[in-house]
Amino acid sequence: MNPPSPSYAACVAWRETPNSRPVDLSVVIPAFNEQARIIPTIAAWVAHLAPRDLCWEIVVSDDGSTDATTALIELIGHVNVRLVRAPKNAGKGAAVHRGFSGARGRMVLFCDADNATPVQEIDGLIARLRAGADVAVGSRAAHGADVNNRSVLRSAMTTGLRRLVSLGLGIAVTDTQCGFKLFTADAARRVCAVHTIDGFAFDLEMLYLAERLGLTVAEVPVRWYDAPGSTVRPLQEAVRFLASIVRIRMNAARGLYAHA
């Protein structure tokens, strides 16, 4: 029998040996009823990062799933995958907030459970943080991005919403909703301290606060694939998105971001 490859051995070691060094990177995955996708997504992260000279962890922040999502995480038993539970579904923003609170890395990423942005794109985001950025945002709008399989309806809505965000909030980032964003631990802590939105548009508020805090935000072009089985409902979410822009403006007017 041939000996296992170094990459396979590294994956096994990461799954079975607890981190003993300070954690460089926490990968936070918000999950709601993701039994069909969470294990392949974790496997993709392990295959990509385990062979690297990087101390890292995965934090699955469950959002009150009623399927087998949490049972599957417990079943695989990876020692460097931690499960953060929620008593009930409260929204993706709430799940990311809980995951960030439990993260131990110097860098903290949140990424969607559907792996729509391939895990390999983390390399570009890490490079931007190491070059001095506080936040690196995966972008489907930046020059060099590669977007596939997105419906005509979703493309049209995305273009319209980007214009509204620019006009309504003055955010410089062109793609606020790509579910692939990397923060330094300090930037994550400062943003989460004043963050209020729990729903789909939570990262819109995050980026508004990051710019208000004077953090350096870098937009990094990524590959993106509209994965089958997405739970995003474009029309419903567009309405919520517009409401969130109004809410952020009202929060600012009421002084809720005074310390940001």
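Mentor: In this predicted model, 5 of the 5 residues of strand β4 (residues 107-111) are buried, so β4 is largely enclosed by the rest of the structure. The side chains point two ways: Met107, Leu109 and Cys111 go one way from β4, Val108 and Phe110 go the other way, and all are buried.

β4 is paired with two strands. Strand β1 (residues 25-31) runs parallel to β4 and is joined to it by 4 bridges; within this pairing, serine 26 has valine 108 of β4 as its bridge partner. Strand β7 (residues 180-184) runs antiparallel to β4, with 5 bridges between them. Here cysteine 111 stands opposite phenylalanine 180 of β7.

Phe110 leads on to the aromatic side chains. Together with Phe100, Phe183 and Phe202, Phe110 forms one aromatic cluster. In total, the structure holds 6 aromatic pairs. One of them joins tryptophan 14 and tryptophan 56, which are stacked, with 4.1 Å centre to centre and 10° between the planes. Tryptophan 14 belongs to helix α1 and tryptophan 56 to strand β2 (residues 56-62), so this pair ties together parts that are 42 residues apart in sequence. Both partners fall under the 20% limit for buried residues: the relative accessible area is 7% for tryptophan 14 and 0% for tryptophan 56.

Another pair is made by tyrosine 208 and tyrosine 257, which are tilted, at 5.8 Å centre to centre and 55° between the planes. Tyrosine 208 lies in helix α8 (residues 202-212) and tyrosine 257 in the segment after α9 (234-253), so parts 49 residues apart in sequence are tied together by the pair. Tyrosine 208 is buried at a relative accessible area of 10%, and tyrosine 257 is buried at 0%.

A ring can also have a charge over it: the charged end of arginine 140 sits over the ring of tryptophan 224, 4.8 Å from its centre.

Tryptophan 14 brings us to a pocket. Trp14 is among the residues nearest the centre of the second largest pocket, along with Ala13, Thr17, Asn19 and Leu54; the lining has 13 residues. By type, the lining divides into 8 nonpolar, 3 polar and 2 charged residues. Helix α1 (residues 6-16) gives the largest share of this lining, 3 residues. The space in the second largest pocket is about 220 Å³.

Technical notes: Residues are numbered from 1 along each chain as its sequence is written. This is a predicted model: local features need pLDDT of at least 70, side-chain atom pairs count only at pLDDT 80 or more; totals for chains, interfaces and linings use all residues. Side-chain values use heavy atoms; hydrogens and water are left out. On a 1 Å grid over the protein atoms alone, a cavity is a set of points where a 1.4 Å probe fits but cannot get out, and a pocket is an open set with protein on both sides within 12 Å along at least five of seven lines; lining residues have an atom within 4 Å of a point. Grid points are joined across faces, edges and corners, and a volume is the space filled by probe spheres set on the points. Ala, Val, Leu, Ile, Met, Phe, Trp, Tyr, Cys and Pro count as nonpolar, Asp, Glu, Lys and Arg as charged, and the others, Gly among them, as polar. Buried means under 20% relative accessible area, exposed over 50%, partly exposed in between (1.4 Å probe, protein chains only). Two strands pair if DSSP finds at least two bridges between them. Rings of Phe, Tyr and Trp (its six-membered ring) pair if their centres lie within 6.5 Å; planes under 30 degrees apart count as stacked, over 60 as edge-to-face and the rest as tilted. A charge sits over a ring if NZ of Lys or CZ of Arg is within 6 Å of the ring centre and within 35 degrees of the ring normal.
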